[in-house]
Amino acid sequence: MSAPIDGPAPAGALRLSARQGRWVLFTTVLGSGMAMLDSTVVNVALPRIGADLDADLGALQWTVNAYMLTLAGLILLGGALGDRYGRRRVFLVGVVWFTLASVLCGLAWNAGVLIAARALQGVGGALLTPGSLALIQATFRPGDRARAVGAWSGLGGVAAAVGPFLGGWLVDAFGWRWVFLLNVPLAMLCVPVALRHVPESRDPAAEGRFDVAGAALAALALGGVTYAMIAAPEDGASPVVVGAAVAGVVLGVLFVRLERRLAAPMVPPAVFASRQFTAVNAVTLCVYAAFGGFFFLSVVQLQVSLGYSALAAGTALLPTTVLMLLLSARAGELGQRIGPRVPLTLGPLLCAAGMLLMVRVGPGASYLTDVLPALLVLGAGMVLLVAPLTATVLASVDVARAGLASGVNNAVARAAGLLAVAALPLLAGMGPDAYREPEVFDAAFRRSMVYCAVILVAGAVLAWLTVHRDVLEAGDHAPDAAPAGEHPCTAECRTHCGVTSPPLDPGSPGPPPERDPAPDTR
């Protein structure tokens, strides 16, 4: 039965089939979709941004990384703020913040303003991204929650899949600024619906001080290392570059020490007591570093070296996300049947093969014989590994910590992409003007694909050596996963299309473990 017209139903009581429930799903998908779109469409616009603002390669790296930096550093804090002050309130603040920052991006008159606005966008993304999922969890009745999360995940996957195509069309038809200004009409739909139909909710147990210092140290540590790697091609081992690198490392050490001392840290060290959780996050670091580097460089390569338009470059990448959209749920089921070790080993190896096939993609390359085969192999590898990766993360902790574990894994993936976007141009020998010189960029791109393949092979070896085959089974048979006698947490998000990070997933109790029948002692 639909909610009454005079106000929304209380949190925790909505049915997905109710009119109000559909409005809640609509607004949460719209809000999180803004962030998903932004993470995929901006890469397509980079060459046009560089030409219009006379920006060098370092500025384009910062255009991507300023957003990733604040998002990765603050996403866990954003979830905690929603629990304390109201999930709808913080979600709406995030949507409005993200939109205002998007307007500033669209109006940016130089690269410095654009980079600053992108950092502000990341702050908004850190508030709205976990907030959208938290609203789903808190609003729907327990019997409808899993279906609502699944619908949220699937529709968000569609947004991620459409992103590169939509971004390319906007850049070619209206200019790169509309990649950011698109968020304005989306927010104008999202905010009124949320105010009208989404009930407010809080976590009564949320108390204590926020770990603002931890979030700041994490962001500053990543920022110092990132700055050093981006500045090094132009400035070399200057005192500023070396100082930034050393400061980043020192701040990282201080972050770890602070988290160990605090009573309520942003990243509780106890979650890493599970060797399986630690190992799968190391695998995440490898694979998403390679993905972040690939999707940053490939759209530039297609436009700079092959002469593709922005729309053609965005459309060219669709096979990877379409494969994930269509097959990720089946890959998750496969991982449940055979265990995650094989998918988490073969998946990165397939992705590495796809990266090596991209070495052939240069001037004069054919889309059908050179680009498409590489993307299909890469997409098959991503399909195989992403869903089992998320399932393994959740199965490595108890149900009460599933949301935290997923948030940590998401932040690790974003930090990996951030570092890869900073490091790969340095390792491949790209100078500040490399993207303006097709031959120079093409040679460096080929080297970068080899580096990405090596990182993926390292991730595959790590997965084979550290991921337990039976981690998704009952706790008694899964060493270092769920506590003995308990069944592990399982994933609720069935559709995975994010290329910059694994999905945020609240997890749910898995099916009870099957027990051998008691022996007949008569």
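A: Start with one residue. The model is predicted. Asn-410 sits in helix α15, which covers residues 402-428.

Q: Is Asn-410 buried or exposed?
A: Look at the relative accessible area. Under 20% counts as buried. Asn-410 has a value of 2%, so Asn-410 is buried.

Q: Which residues is Asn-410 in contact with, leaving aside its neighbours within four places in sequence?
A: A contact means heavy atoms within 4.5 Å. For Asn-410, the partners are Ile-75, Ser-501, Pro-502, Pro-503 and Leu-504.

Q: How do I read the chain as a whole?
A: Count the secondary structure elements, then look at burial. This chain has 16 helices and two strands. There are 522 residues, and 58% of them count as buried.

Q: What share of the contacts join residues at least 24 apart?
A: Take the contacts between residues at least 6 apart in sequence. Of these, 81% join residues at least 24 apart.

Q: How do I read a pair of helices?
A: Take the angle and the distance between the axes. Helix α10 is residues 275-304, and helix α14 is residues 367-395. Their axes lie 11 Å apart, and the packing angle is about 155°. Angles over 145 degrees count as roughly antiparallel. Therefore α10 and α14 are roughly antiparallel to each other. The crossing of α10 past α14 is left-handed.

Q: Which residues make the contact between α10 and α14?
A: On α10, they include Gln-276, Phe-277, Val-280, Phe-291, Phe-294 and Phe-295. On α14, they include Val-371, Leu-375, Leu-378, Met-382 and Leu-385. Now sort the contact by class. It has 17 nonpolar residues, three polar ones and no charged ones.

Q: Where is Val-383 found?
A: Val-383 belongs to helix α14. Its relative accessible area is 10%, so Val-383 is buried.

Q: How far apart are the C-alpha atoms of Val-383 and Ala-331?
A: Val-383 and Ala-331 are 52 residues apart along the chain. Their C-alpha atoms are separated by 6.4 Å. Ala-331 is also one of the contacts of Val-383, leaving aside neighbours within four places in sequence.

Q: What about the rings of Phe-294 and Phe-295?
A: Read the angle between the planes. Over 60 degrees counts as edge-to-face. The planes of Phe-294 and Phe-295 are at 85°, so this pair is edge-to-face. The ring centres are 4.9 Å apart. Phe-294 and Phe-295 are both buried.

Q: Which residues form one aromatic cluster?
A: Trp-169, Phe-174 and Trp-178 form one.

Methods: Residues are numbered from 1 along each chain as its sequence is written. This is a predicted model: local features need pLDDT of at least 70, side-chain atom pairs count only at pLDDT 80 or more; totals for chains, interfaces and linings use all residues. Side-chain values use heavy atoms; hydrogens and water are left out. Helices (H or I, at least four residues) and strands (E, at least two) are DSSP runs, numbered from the N terminus. Buried means under 20% relative accessible area, exposed over 50%, partly exposed in between (1.4 Å probe, protein chains only). Axes are lines fitted to C-alpha atoms, for helices over the stretch in contact, and angles run from 0 to 180 degrees between N-to-C directions. Angles under 35 degrees count as roughly parallel, over 145 as roughly antiparallel, 65 to 115 as roughly perpendicular and the rest as oblique. A crossing is left-handed if the near helix is turned anticlockwise from the far one by less than a right angle, and right-handed if clockwise. Ala, Val, Leu, Ile, Met, Phe, Trp, Tyr, Cys and Pro count as nonpolar, Asp, Glu, Lys and Arg as charged, and the others, Gly among them, as polar. Rings of Phe, Tyr and Trp (its six-membered ring) pair if their centres lie within 6.5 Å; planes under 30 degrees apart count as stacked, over 60 as edge-to-face and the rest as tilted.
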